[in-house]
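This note sets out a few points on the structure shown below. It takes up ring contacts, salt bridges, surface charge and selected loop residues in turn.

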Amino acid sequence: MSETITIDGVVYSEDKKTLIKYSEEKKEERFDIPDFVEEIGVGCFSDTDYTRYIIIGKNVRKICDRALGDQFKFVIKQIYIPGTVTELEGEIFDQGVDDGGRLVGGCVCWLGDRSGVYRDRRDRF
């Protein structure tokens, strides 16, 4: 099994390029994924009870299957996904998205384009 490190209750791969698991014990409403992260692992945020807002770091390229939610316990209300994300694996939200970018569970998803036009929307959180 690969080695991991834990920083403030968040589990990363040893090289810190993959965010493996966001702790269900964390009570912060907002989490900014650090810029050293390149991939968000399978089911990473599926156990969160408190985090409502997620800002995805500028170096994230891949978001894995069901990384951002669980259909039976979806508490995240806003997610910022920068245009640097180039690979979405499976159903990253475990829910559908309507034409307005809102998840079925009521989450608003701000999508940045490749030029960074929407980066200024980070301050909406």
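1. Tyrosine 22 and phenylalanine 31 are both buried, a term that denotes under 20% relative accessible area, with exposed meaning over 50% and partly exposed the range in between (1.4 Å probe, protein chains only). The model is a predicted one, in which local features need pLDDT of at least 70, side-chain atom pairs count only at pLDDT 80 or more, and totals for chains, interfaces and linings use all residues. Residues are numbered from 1 along each chain as its sequence is written, and side-chain values use heavy atoms, with hydrogens and water left out.

2. Overall architecture. The chain holds zero helices and 10 strands, where helices (H or I, at least four residues) and strands (E, at least two) are DSSP runs numbered from the N terminus. Along the sequence the pattern reads β-β-β-β-β-β-β-β-β-β. Of the 125 residues in the chain, 43% are buried.

3. Aromatic contacts. Rings of Phe, Tyr and Trp (its six-membered ring) are paired if their centres lie within 6.5 Å; planes under 30 degrees apart count as stacked, over 60 as edge-to-face and the rest as tilted. The count by this rule is four aromatic pairs. One of them joins tyrosine 22 and phenylalanine 31 in a tilted arrangement, with 4.8 Å centre to centre and 55° between the planes. Ring pairs also bring in Phe45, so that Tyr22, Phe31 and Phe45 are linked into a cluster.

4. The whole structure contains six salt bridges, each defined as a side-chain nitrogen of Lys or Arg within 4 Å of a carboxyl oxygen of Asp or Glu. Glutamate 28 forms one with lysine 26, the closest N and O atoms being 3.6 Å apart. Lysine 26 is buried at a relative accessible area of 14%, whereas glutamate 28 is partly exposed at 40%. Another salt bridge pairs aspartate 32 with arginine 30, where the closest N and O atoms are 2.6 Å apart. Here both partners are partly exposed: aspartate 32 has a relative accessible area of 37% and arginine 30 one of 35%.

5. A salt bridge between separate parts of the sequence. Which side chain meets that of lysine 62 in a salt bridge? The partner is glutamate 89, with an N to O distance of 3.4 Å. Lysine 62 belongs to strand β7 (residues 62–63) and glutamate 89 to the loop between β9 (87–88) and β10 (108–111), so the pair ties together parts that are 27 residues apart in sequence. Lysine 62 is buried, at 18% relative accessibility, and glutamate 89 is partly exposed, at 29%. Shared partners extend the arrangement into one network of salt bridges that joins Lys62, Glu87 and Glu89.

6. Negative surface patch. Glu3, Glu14, Asp15 and Glu38 form a patch of negative charge on the surface. Such patches are made of residues with over 30% relative accessible area and no salt bridge, like charges being joined within 9 Å. Asp and Glu count as negative and Lys and Arg as positive, while His and the chain ends are not counted. Glutamate 38 is located in the loop between β4 (30–32) and β5 (39–40) and is partly exposed, with a relative accessible area of 36%.

7. Positive phi angles. Aspartate 8 has a positive phi of about 50° although it is not a glycine. Aspartate 8 sits in the loop between β1 (4–7) and β2 (10–13) and is exposed, with a relative accessible area of 65%. Lysine 16, also a residue other than glycine, has a positive phi near 65°. Lysine 16 occupies the loop between β2 and β3 (18–22) and is partly exposed, at a relative accessible area of 29%.

8. Buried loop residues. Glycine 43, in the loop between β5 and β6 (53–55), is buried with a relative accessible area of 12%. The C-alpha atoms of glycine 43 and aspartate 65 are 6.8 Å apart, and these residues are 22 residues apart along the chain.

Definitions and conventions. Patches are made of residues with over 30% relative accessible area and no salt bridge: like charges are joined within 9 Å, nonpolar side chains (Val, Leu, Ile, Met, Phe, Trp, Tyr) within 5 Å. Accessible areas come from the Shrake-Rupley method with a 1.4 Å probe; for residues, only the protein chains shown count as cover. The place of a charge is taken as NZ of Lys, CZ of Arg, CG of Asp or CD of Glu.
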